Amino acid sequence: MVQFAASFLEEWEAADNLEDRGLALNEDDERTILDLMVDSVEFANVIVINKTDLVAPGINMDEAALRARLDRCLLTDEEMAEGPDQWAGYLDPFPEWTMQESTALADAHH
């Protein structure tokens, strides 16, 4: 299991390359730590979001609407029992997004 939510924003701001930390695969590896973190989320079979009660809502965010959207992502006991092969066929309630869009949003709040 990979846990990195607490450092996600710090890594976003730092934008360190793997090479900066001695983690590059080779001299041509130009990825950042954030690149690896995003890849982990994009390719994860299961993402667990806990301790949401400790998260403050964002600027101009409709907390009730966000909670309703996240609640629609929860699996029932029956769906959980179906397993990853069935989950892959579920509709994603969130729209597609790109790193470019999320970076623009973050920049707008700084």
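A residue is called buried when its relative accessible area is under 20%, exposed when that area is over 50%, and partly exposed in between, with a 1.4 Å probe and protein chains only; the areas themselves come from the Shrake-Rupley method, in which only the protein chains shown count as cover for residues. The model is predicted, so that local features need pLDDT of at least 70 and side-chain atom pairs count only at pLDDT 80 or more, while totals for chains, interfaces and linings use all residues. Residues are numbered from 1 along each chain as its sequence is written, and side-chain values use heavy atoms, with hydrogens and water left out.

In soluble globular proteins, nonpolar side chains tend to be buried together. Here the largest nonpolar core consists of seven residues, namely F8, W12, L18, I33, L34, M37 and V38, where a core is a set of buried Ala, Val, Leu, Ile, Met, Phe, Trp, Tyr and Cys residues joined through side-chain atoms within 4.5 Å. At least two residues of this core come from each of α1 and α2, and α2 gives the largest share, with four residues. Helices are DSSP runs (H or I, at least four residues) numbered from the N terminus.

Helix α2 also contains V41, which is partly exposed because its relative accessible area is 34%. Together with I47, I49, M61, L66 and L70, V41 makes a nonpolar surface patch of about 500 Å². Patches are made of residues with over 30% relative accessible area and no salt bridge, like charges being joined within 9 Å and nonpolar side chains (Val, Leu, Ile, Met, Phe, Trp, Tyr) within 5 Å.

A patch of negative charge on the surface gathers E19, D20, E27, D28 and E30; Asp and Glu count as negative, Lys and Arg as positive, and His and the chain ends are not counted. Among these residues, E19 lies in the loop between α1 (5–14) and α2 (33–42) and is exposed, because its relative accessible area is 51%.

Side chains of opposite charge can pair when their charged atoms come close. The structure holds two salt bridges, each defined by a side-chain nitrogen of Lys or Arg within 4 Å of a carboxyl oxygen of Asp or Glu. In one, R21 pairs with D16, with 2.9 Å between the closest N and O atoms; R21 is partly exposed at 36% relative accessible area, and D16 is partly exposed at 25%. In the other, D29 pairs with R31, with 2.7 Å between the closest N and O atoms; D29 counts as buried at 9% relative accessibility, whereas R31 counts as partly exposed at 28%.

Key:
Areas by Shrake-Rupley, 256 points an atom, 1.4 Å probe, with all protein chains shown as cover. Charge placed at Lys NZ, Arg CZ, Asp CG, Glu CD.
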